[in-house]
Amino acid sequence: MKFRRTVATTAVIAAAALALAGCTGAGSNQDSETGEIQAGTSVTVAQNSAVTSLNSYTATGYATYNSNVQYLTQATFNYYDDKPDLVRNTDLGTYTKVSDKPLTIKYTINKGADWSDGQPITATDVILTWASYLTKYNDSKGVNFGGIGAGSGLDYVTQFPTISDDGRSVTFVFSKPYVDWEVAGIQPNIPAHILWEEAFPGKETGAKASAAVLNALKTGDTTTLKALATAFDTKWNVTSMPTDKKLLVASGAYTVSAFVKDQYITLTARKDYKNGPAPKIAKITFRFIPDQTAQVQALQNGEISVLYGQATSDTVAALKNVKDVKSVTAQEASFEHVDLSFKSGPFSPKTYGGDAAKALKVRQAFFTAVPRQEMLDRIIKPLAPDAKLMDSQLFIPGQKGYDGAAVTADYTKYQTADDAKAKQMLAAAGVKTPVTVRFAYPNDNPRRVQEFQIMQSSMKAAGFNLTDVGKPTAQYFDPSVGLGTAKYAYDASIFAYAESSFAVGSSLGNTQTGNAYNYIGYSDKDVDALWEKAQQQSSFDAAIPYMQQIDKHIIDNAAYMTLYEIPSVVAWSDKIQNVKDAPLVPNVFWNYFDWSIKGK
């Protein structure tokens with residue numbers, strides 16, 4: 001799964017200096033070119049939503065406001081730059097394709113690569129991440145890691161991986177080709193030894209704990225694996241500084257040093273870090289500020305040094321009046337979409353005694369009435385006059401395959417709202433109007449409020465009564481009571497996906513039967529089969545025809561409707577150097593290791 005949820009007025013983050021203190025440089029700053037930490041430096045990152053999990057590899061934690069923090073605290077074998085090209089992180093280790101037939105990949109961790117508690121990063125840590133992706137270990141009735149990758153091509157590794165080089169290397173042999181093997185997310189994520197200590201406190205620790213995890217995975221010890229999986233899925237879901245500091249052990253350049261509920265989380269740079277490019281900023285703090293207007297005001301007052309997020313006309317206009325600040329608007333790989341729930345309510349076959357055809361007609365009628373063009377004209381075009389509606393779920397405009405997908409999916413019947421036709425469709429289906437639709441959205445986001453209001457007003461004429469069941473962003477994506485949980489009842493929703501790679505399987509999780517990331521309960525055997533074929537191709541180009549067919553099934557089944565891409569805005573003062581935005585998540589954070597503060 002490579003599409004991440006993104007929310008509210010700041011799609012990913014707005015980077016800023018510490019409130020009131022600005023960008024401080026206490027003491028003598030080191031030359032930014034030396035790669036050393038600049039003593040006393042700090043930058044604050046103001047994001048619209050509070051952090052809800054320190055493990056973004058779970059379906060409930062997989063969102064930009066969590067994954068950006070994890071990007072700074074996790075070492076990975078590769079990352080995307082701003083081109084975007086995939087860059088290998090040889091400071092952590094290497095990976096090599098040993099063979100194509102069968103596909104065989106060997107990962108080797110460098111000597112000296114370690115977790116922040118001093119324990120070495122080993123093959124077991126990598127194997128644990130792989131296991132968390134497996135379908136057999138994401139079973140709601142059995143072992144359930146709640147992982148984001150269930151159903152991916154990592155299932156094709158049917159033999160237990162081979163460990164070598166004194167525990168630093170691991171080799172995966174695939175029974176079938178897997179096009180996304182290089183961006184499949186095989187990384188050291190959660191430290192195996194800490195996972196064991198969390199699942200079985202008071203027992204083994206350190207290397208012995210890691211060995212116990214490896215043994216459980218090798219032997220398939222269901223009882224032990226259930227406990228490990230539950231810990232993996234839940235223990236790192238924290239909203240304030242945990243009393244159990246083991247949860248803060250990290251492999252990346254920063255570790256969490258402070259965390260206050262609904263206020264901020266602070267990361268402190270690791271000294272002598274060697275698992276990746278070394279950072280120069282000593283501390284980075286994420287402040288949770290929902291209102292972007294307040295962020296712009298802080299920038300103007302000199303309290304904030306860099307701002308980044310989804311652009312609004314008010315933000316762009318206000319930034320023009322801020323002195324000594326550069327700002328740009330750009331298009332990123334994130335897009336707005338409307339989803340309809342198959343679990344209950346007016347779009348579910350269950351409501352009509354299992355009549356799938358009738359439920360489909362109601363969903364199609366709803367999409368027929370969605371004022372896509374009106375929303376584009378009123379919300380997006382003031383920022384991007386040339387913006388167009390997006391007519392694909394699997395491809396971004398300009399990406400290879402998009403034009404063909406738009407033709408195959410055929411959104412032509414949904415370009416502009418047709419209330420009369422929608423009402424006729426409901427009547428033909430034998431459904432009485434008005435149809436009540438519980439509509440979910442992050443209601444502290446001005447743009448989403450505007451989208452809901454436009455839809456609510458416009459769709460009355462079509463026979464749909466949209467009732468507001470929106471929640472503040474922090475609750476909307478809360479892993480315990482928010483989107484995707486049984487505790488949040490809704491029939492339709494609107495939010496955005498932000499792409500973090502150009503993987504074939506980017507949209508697999510939210511369209512595959514039974515996947516934990518498939519919040520709406522969508523299921524189509526043909527789509528599942530097409531995903532299998534797409535993943536087994538030798539290249540992205542070879543997978544395009546299968547992906548285009550998936551796109552067609554999705555819109556033909558009226559499950560998901562894309563709306564438009566979301567413009568972003570980046571603004572920064574001349575106090576912070578080397579801030580560069582990138583189209584893929586983690587966007588502006590991709591080169592945090594280059595950030596530096598000019599000496600004072």
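**View 1. Helix α1, residue by residue.** In α1, the buried residues are Thr64, Tyr65, Asn66, Ser67, Asn68, Val69, Gln70, Tyr71, Leu72 and Thr73. Buried here means under 20% relative accessible area, exposed means over 50%, and partly exposed lies in between, with a 1.4 Å probe and protein chains only. Because 10 of the 10 residues of this helix (residues 64-73) are buried, α1 is largely enclosed by the rest of the structure. Helices (H or I, at least four residues) and strands (E, at least two) are DSSP runs, numbered from the N terminus. A word on the model before we move on: it is predicted, so local features need pLDDT of at least 70 and side-chain atom pairs count only at pLDDT 80 or more, while totals for chains, interfaces and linings use all residues. Residues are numbered from 1 along each chain as its sequence is written, and side-chain values use heavy atoms, with hydrogens and water left out.

**View 2. The whole protein, for orientation.** Stepping back, you will find 15 helices and 20 strands in the protein. The C-alpha trace spans about 70 × 60 × 45 Å along its principal axes. With 600 residues, a compact globule would have a radius of gyration near 25 Å, and the 24 Å of this protein agrees with that. That radius is taken over C-alpha atoms, and the globule rule is 2.2 Å times the number of residues to the power 0.38. Of the 600 residues, 59% are buried.

**View 3. Surface and charge.** The protein carries 57 positive and 58 negative side chains, and the centres of the two sets lie 3 Å apart. Lys and Arg count as positive and Asp and Glu as negative, with His and the chain ends not counted. Each charge is placed at NZ of Lys, CZ of Arg, CG of Asp or CD of Glu.

View 4. Lys83 and Pro84 are joined by a cis peptide bond with omega of about 0°. Pro84 sits in the loop between β4 (78-80) and β5 (86-88). Another cis bond runs from Val585 to Pro586, where omega is near 20°. Look for Pro586 in the loop between β19 (576-577) and β20 (596-597).

**View 5. Positive phi in two loops.** Asp272 is not a glycine, yet its phi is positive at about 60°. This residue belongs to the loop between β11 (264-269) and β12 (281-288), and its relative accessible area of 72% makes Asp272 exposed. Ala558, also not a glycine, has a positive phi of about 50°. Ala558 lies in the loop between α15 (540-556) and β18 (560-573); with a relative accessible area of 0%, Ala558 is buried.

View 6. Ser507 lies in the loop between β17 (492-499) and α14 (525-535) and counts as buried because its relative accessibility is 1%. A polar atom of the Ser507 side chain lies 3.4 Å from the backbone oxygen of Gln393. In strand β12, Thr285 is buried too, with a relative accessible area of 7%. The side chains of Thr285 and Thr266 are joined by a polar contact of 2.9 Å. A polar contact is a pair of N or O atoms within 3.5 Å; within protein, one must be able to donate a hydrogen and the other to accept it, and residues adjacent in sequence count only if both atoms are side-chain atoms.

**View 7. Strand β18 and sequence distance.** Val570 is part of strand β18 and is buried, at a relative accessible area of 4%. Leaving aside residues up to four places away in sequence, Val570 touches Leu307, Tyr308, Lys326, Ser327, Val328 and Asp581. Val570 and Asp551 are 19 residues apart in sequence and 32 Å apart in space, C-alpha to C-alpha. Now turn to Lys323, in the loop between α7 (313-319) and β14 (325-340). Lys323 and Ser573 are 250 residues apart in sequence and 8.7 Å apart in space, C-alpha to C-alpha. With 73% relative accessibility, Lys323 counts as exposed.

Notes: Contact = heavy atoms within 4.5 Å.
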